[in-house]
Each structure stands twice: as C-alpha cells, then as structure tokens.
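Hi there,

Here is the structure I promised to hand over. Have a look through it first, and then read my notes below.

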Amino acid sequence: MARKPPVTVDDLESLRALVHDLDFVRGRARGLIYTINRALDLDLQLALDLAHDLVREVDFAYNRPLVRTRDRDLDLDRAHDLAHDLVRGLTLDPDRMLPRTLGRISEVVELVEGCHARVDRLLSSHQDLVTKAAGQQAGEPAARPPGRTVRGLAVVACKMLPTPVQARYAQEFYSELFDMPRRHRLSHVFRLVYTAPSIRTSLRATPVRGGAQP
Amino acid sequence: MARSGPKMTLPTQLVLRALLEHPTRPTYGLQICQSAGLASGTIHPILARLEAAGWLTSSWEDIDPRKEGRPKRRYYVLSKDGVEQARYALAHAHSSINRIGALRPRTTGSEA
C-alpha cells in the first residue's frame with residue numbers, strides 16, 4: 001500500500017478551503033432535497049439548476065490538488081460520479097429519474113459528510129502544524145480584502161438602494177465579500193448588482209403584521 | 001383567521017427553513033445562503049422582505065474589526081413573532097390542492 005504524503009503547513013490552507021467547499025456542497029444538496037421533496041408543483045428547471053449548482057460545487061472540491069493527491073484519504077470519487085449522474089438523469093429522463101434523485105442526493109450528502117469528517121480529523125491530528133501556521137501568520141490579515149473591481153461593483157449595487165440604507169448595505173456587502181473565497185467574489189457581487197432592484201422593492205414594502213384580514 | 005406576510009416562494013421557504021433550524025441563533029447572510037442551498041448574493045431581497053414584515057431582526061456583531069482582522073458581520077435572527085409566522089407559513093405553503101401533474105416537467109410546443 002502506497003504511503004500517503006505527510007500533511008504540510010501549505011496543505012492546511014487547502015484543507016480549510018476544502019472544508020469551505022464541502023459546506024457549499026452540503027448546502028446545495030440540502031436545498032435540492034427540499035426542493036424536490038416539498039414543492040408540490042415542481043419546477044423541473046429549478047431542480048435542474050440546483051443540481052447543476054451542486055455538481056459545480058462538487059467539482060470544485062473534487063479538483064482540489066489535495067484531494068487528488070491524497071486519494072483515499074479524502075475520497076470524493078463516488079460523490080463526484082453520483083452528482084454528475086444525477087444531472088445527466090434529470091436532463092435525459094426526468095420522469096423516470098426523479099424518484100431516484102433523492103436517494104442519490106442523500107448518498108452524495110453522506111459521502112461529503114464522510115469526507116468532511118476526515119478533513120476535520122486531519123486538521124485536528126496535525127494540531128502542531130496548525131499552531132505553527134498560526135504563528136507564521138500572526139500579524140497578517142486573515143484574508144485578502146476584496147479587489148477594486150469587486151468593491152466598485154458593490155458600490156454600484158448600493159447606489160441602487162434607498163439612501164438611508166446605503167451605508168448599512170455597503171458595510172454588509174463588503175463584509176460578505178471579505179469572508180468568501182476569492183474565486184466566488186466576482187459572481188457574488190454580480191448577483192448583488194442584479195438583485196439590488198429587488199432589495200429596493202422589498203425595503204419599500206409596507207410591513208404586514210399577522211392578524212385578521214378584512 | 002388568515003395570516004399574511006411575505007410571498008412563500010421556494011427560495012423564501014428555503015431561507016425560513018434554514019433560519020428555523022436554530023431559531024434563536026443569530027446567523028449572517030453567507031451562513032444562511034449555505035444552509036439554504038441558495039447562491040450567495042441572492043437572499044438579500046428575501047431578508048429585506050422578512051425584516052420589513054417584522055419576522056426578522058438584524059444587528060451588527062459586537063467586535064473590534066482591527067483586532068479580528070475582518071469587518072463586522074450583519075447577523076439575522078427570527079423575531080418571536082417571526083418564528084411562529086414562519087412555521088405557520090411553511091406548514092401551509094403547500095396546502096394548495098388544485099395542482100395536478102405535480103411532477104411533470106413543463107412542456108413546450110404542441111402535445112402529442
């Protein structure tokens with residue numbers, strides 16, 4: 001049996017990023033399960049869109065170099081294949097595939113949870129490296145702030161909102177962009193710009209309280 | 001007694017479901033997105049509607065950004081009334097009984 005390469009300090013950042021990826025996969029899978037399970041009037045296109053989102057997130061995790069080199073340690077092969085089969089099935093034969101889809105998604109969630117647990121164990125079993133990495137990173141910013149383009153687009157989104165709330169949302173959008181991986185920031189800020197008119201409409205909505213209606 | 005409130009679109013239901021997993025625990029936008037399985041950046045209209053309806057309250061976290069090395073986050077939590085309203089709304093979101101062919105895909109063009 002081939003020996004696994006030891007985990008290095010550089011691997012830690014990749015492991016943490018992988019945890020983040022797996023959290024996204026879990027979220028997408030749960031959203032898809034809920035959509036299929038609960039929506040009486042199923043919009044198949046919505047289910048397909050969510051399934052594509054799931055595959056994209058699984059692919060991100062699966063294609064991380066760390067996952068490829070550590071092979072069985074962080075095995076995502078089965079989850080990757082299931083996610084792709086799921087989308088293929090829903091595209092080609094949705095009526096027949098829909099009943100099987102829930103089972104497949106649940107299996108993806110189980111496999112991802114397993115990988116997540118293994119990554120957590122790897123991180124905690126290399127606590128000495130975590131401590132060393134923390135020492136090396138002391139004084140450095142925890143994450144790189146968003147770049148100019150992304151910040152500029154966030155400002156565009158805020159300018160579409162009512163003046164009294166622009167400062168609040170500017171801060172909130174900036175905080176979100178700061179927290180997310182760099183590869184997600186541009187798509188995130190485009191969605192903020194796209195949904196800004198809806199935010200504006202929602203903020204202008206008259207509050208409706210629970211109670212008897214005329 | 002009919003209750004009113006935000007329209008129960010599927011994304012709204014997903015957000016409420018995510019919030020109801022831990023109704024008293026404040027969560028921030030990205031966490032809600034992940035739990036709900038929705039694309040980030042798409043839930044702010046939903047959160048704004050829920051806040052406008054009084055189902056949700058929000059506040060800034062109490063940290064020193066310089067010390068933490070990151071900006072403050074905006075945390076959301078269901079109000080007391082909001083928890084009840086959300087549970088009621090989710091329970092009744094699928095009570096329309098006049099839908100047929102629920103699992104059939106939308107068809108375009110002429111039928112065979």
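Let's begin with contacts in chain A (a contact means heavy atoms within 4.5 Å): of those with a separation of 6 or more, 74% are between residues 24 or more positions apart.

Before going on, please note that this is a predicted model, where local features need pLDDT of at least 70 and side-chain atom pairs count only at pLDDT 80 or more, while totals for chains, interfaces and linings use all residues. Residues are numbered from 1 along each chain as its sequence is written, chains are lettered from A and ligands numbered from 1 in the order in which they are written, and side-chain values use heavy atoms, leaving out hydrogens and water.

Chain A has nine helices and zero strands (DSSP runs numbered from the N terminus: helices are H or I with at least four residues, strands are E with at least two). Of its 214 residues, 44% count as buried (under 20% relative accessible area, with a 1.4 Å probe and protein chains only).

Now for chain B. Why is strand E3 (residues 74-78) of chain B largely enclosed by the rest of the structure? Because five of its five residues are buried. On one side these are B:Arg74, B:Tyr76 and B:Leu78, and on the other B:Tyr75 and B:Val77.

E3(B) also pairs (DSSP finds at least two bridges between the strands) with two strands of chain B, both in the antiparallel sense. With E1 (residues 27-28) there are two bridges, and B:Tyr28 stands opposite B:Tyr75. With E2 (residues 56-60) there are five bridges, and B:Thr57 faces B:Val77 from the opposite position.

Best wishes

Definitions and conventions. Buried < 20%, exposed > 50% of the residue type's maximum accessible area, 1.4 Å probe, protein only.
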